Amino acid sequence: MSVEITENGEVHIYGRERLGERPRIGILTSGGDCPGLNAVIRATTKTAFWLGYDVVGFRDGFEGLVDPIRYQVLSPRNTAGILVQGGTILGSTNKGRFAARVGESGRAELDPRLIGRVAETVQRMKLEGLIVVGGDGSLSTALQFHEAGIPVVGVPKTIDNDLKATAFTFGFNSAVLCCADALDRLHTTAASHQRVMVLEVMGRHTGWIALHGGIAGGADVILIPEIEWTYDNIIAKIAERRALEKYFTLVVVAEGAHLPSGGLVVEEQAGMQNKQVRLGGIGQVIAERLEGMIEQDVRFVVLGHLQRGGGPTTFDRVLASEYGAHAVRLITERKFGQMVCSDPPDIRDVSIAEAVDQIRTVDPSGSAVQTARAMGICFGDTPGYENPFKQPPSH
């Protein structure tokens with residue numbers, strides 16, 4: 001691989017590949033990394049190759065589009081083997097000049113001059129379309145590109161699974177597996193020492209990872225932003241388990257779960273303009289509070305970026321590949337301003353504007369929550385077991 005820096009500061013990364021006269025598609029990965037990004041890149045490249053397109057991968061998210069332009073030419077050769085790799089070979093960032101947030105924090109408008117320079121790059125490089133792989137913030141930036149006339153399509157990416165317009169985002173299943181694996185490991189040490197273990201997981205302002213990971217990993221208590229909870233109800237669950245001669249308890253808490261007082265636990269950050277608050281620390285808060293209320297050891301673990309690392313699950317490999325292939329389809333059909341989405345068993349598309357309109361939250365009455373309650377999992381909102389399906393038969 002070689003690097004060429006042109007007189008105007010553009011950075012071109014080459015292997016054997018060079019841009020030819022074939023039509024071109026651009027792709028970039030933006031926002032937080034997650035398992036499956038490379039699978040999207042690979043599927044996009046392979047699909048485009050067989051349809052007669054060259055593919056240009058812009059480096060470090062949107063930053064590679066301007067001042068200076070930084071890209072590499074992608075081919076089936078140099079994307080071989082990346083299906084199972086975590087992260088992104090193109091690099092990513094959730095900071096910089098293109099930060100545009102939605103959801104809980106609202107939309108930040110980009111400088112029109114910056115968008116104009118992106119349009120110049122797209123025109124100069126003769127791109128038929130630009131594929132943006134990202135979450136709500138990145139797709140909000142892509143929406144502003146579309147509104148300015150830039151031919152863009154979106155691919156949803158977030159481990160939080162919180163985009164309302166799609167049933168699943170790739171990366172979520174991999175994050176759930178990480179959570180379940182952690183609970184499997186905590187189960188043995190908690191049982192050995194008769195401890196309460198509190199596991200804090202990601203998810204931003206939704207509880208999807210905590211809910212699915214908690215069910216898959218055998219949690220006893222799941223705390224999520226969508227359901228109010230109290231310490232007394234958690235303690236009642238711990239007592240209920242002790243009465244059944246189960247002397248340990250596994251608690252999973254989503255980083256965005258509200259405290260009983262209604263507040264969020266956030267990390268202090270300088271320069272918060274155009275940034276979402278950084279959640280984190282609720283696991284420690286809960287563990288310290290519980291240890292002062294019960295005569296039992298309480299420990300906490302924060303999974304953090306372990307949930308973002310490593311290779312994708314087979315589910316995420318397939319979903320990411322479908323997204324990459326269908327993103328190319330959208331460009332060939334000239335359906336710009338659209339985002340591919342999962343509508344099982346099909347892959348469809350919706351407008352990016354609809355996709356970033358609002359976050360997708362857990363339904364407290366949904367099947368997953370009902371399943372958890374039926375099995376005796378506590379959500380901290382009741383002091384004891386409540387069957388969501390029917391009353392037990394009378395004797």
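Buried residues are those under 20% relative accessible area, exposed residues are those over 50%, and partly exposed residues lie in between, with a 1.4 Å probe and protein chains only. The views below come from a predicted model, in which local features need pLDDT of at least 70, side-chain atom pairs count only at pLDDT 80 or more, and totals for chains, interfaces and linings use all residues. Residues are numbered from 1 along each chain as its sequence is written, and side-chain values use heavy atoms, with hydrogens and water left out.

**View A. Arg308 in the loop between strand 11 and helix 8.**
With a relative accessibility of 17%, Arg308 counts as buried. Strand 11 covers residues 298-302; helices (H or I, at least four residues) and strands (E, at least two) are DSSP runs, numbered from the N terminus. When neighbours within four places in sequence are left aside, Arg308 is in contact with Gly32, Asp33, Cys34, Pro35, Ile159 and Met202, where contact means heavy atoms within 4.5 Å. Arg308 and Val285 are separated by 23 residues in sequence and by 23 Å in space, C-alpha to C-alpha.

**View B. The packing of helix 1 against helix 8.**
Two packed helices are described by the angle between their axes and the distance between the axes. The axes of helix 1 (residues 37-50) and helix 8 (residues 314-332) come within 7 Å and cross at roughly 40°, which makes helix 1 oblique to helix 8. Axes are lines fitted to C-alpha atoms, for helices over the stretch in contact, and angles run from 0 to 180 degrees between N-to-C directions; those under 35 degrees count as roughly parallel, over 145 as roughly antiparallel, 65 to 115 as roughly perpendicular and the rest as oblique. Helix 1 passes helix 8 in a right-handed crossing, a crossing being right-handed if the near helix is turned clockwise from the far one by less than a right angle, and left-handed if anticlockwise. On the side of helix 1, Ala39, Val40, Ala43, Thr44, Thr47 and Ala48 take part, and they meet Arg317, Ala320, Ser321, Gly324, Ala325 and Val328 in helix 8. The residues of this contact divide into seven nonpolar, four polar and one charged, where Ala, Val, Leu, Ile, Met, Phe, Trp, Tyr, Cys and Pro count as nonpolar, Asp, Glu, Lys and Arg as charged, and the others, Gly among them, as polar.

**View C. The packing of helix 6 against helix 7.**
Helix 6 (residues 231-243) and helix 7 (residues 282-291) pack at an angle of about 65°, with their axes 11 Å apart, and are therefore roughly perpendicular to each other. Their crossing is right-handed. Tyr231, Ile234 and Ile235 of helix 6 make the contact with Val285, Ile286, Arg289 and Leu290 of helix 7, and by class this contact has six nonpolar, no polar and one charged residues.

**View D. Salt bridges, including the pair Arg113 and Asp111.**
A search of the whole structure finds 18 salt bridges, each a side-chain nitrogen of Lys or Arg within 4 Å of a carboxyl oxygen of Asp or Glu. In the salt bridge of Arg113 with Asp111, the closest N and O atoms are 2.9 Å apart; Arg113 is exposed at 62% relative accessibility, whereas Asp111 is partly exposed at 33%. The side chains of Arg299 and Glu291 meet in a salt bridge at 3.8 Å, N to O. A network of salt bridges links Glu63, Asp67, Arg97 and Arg117.
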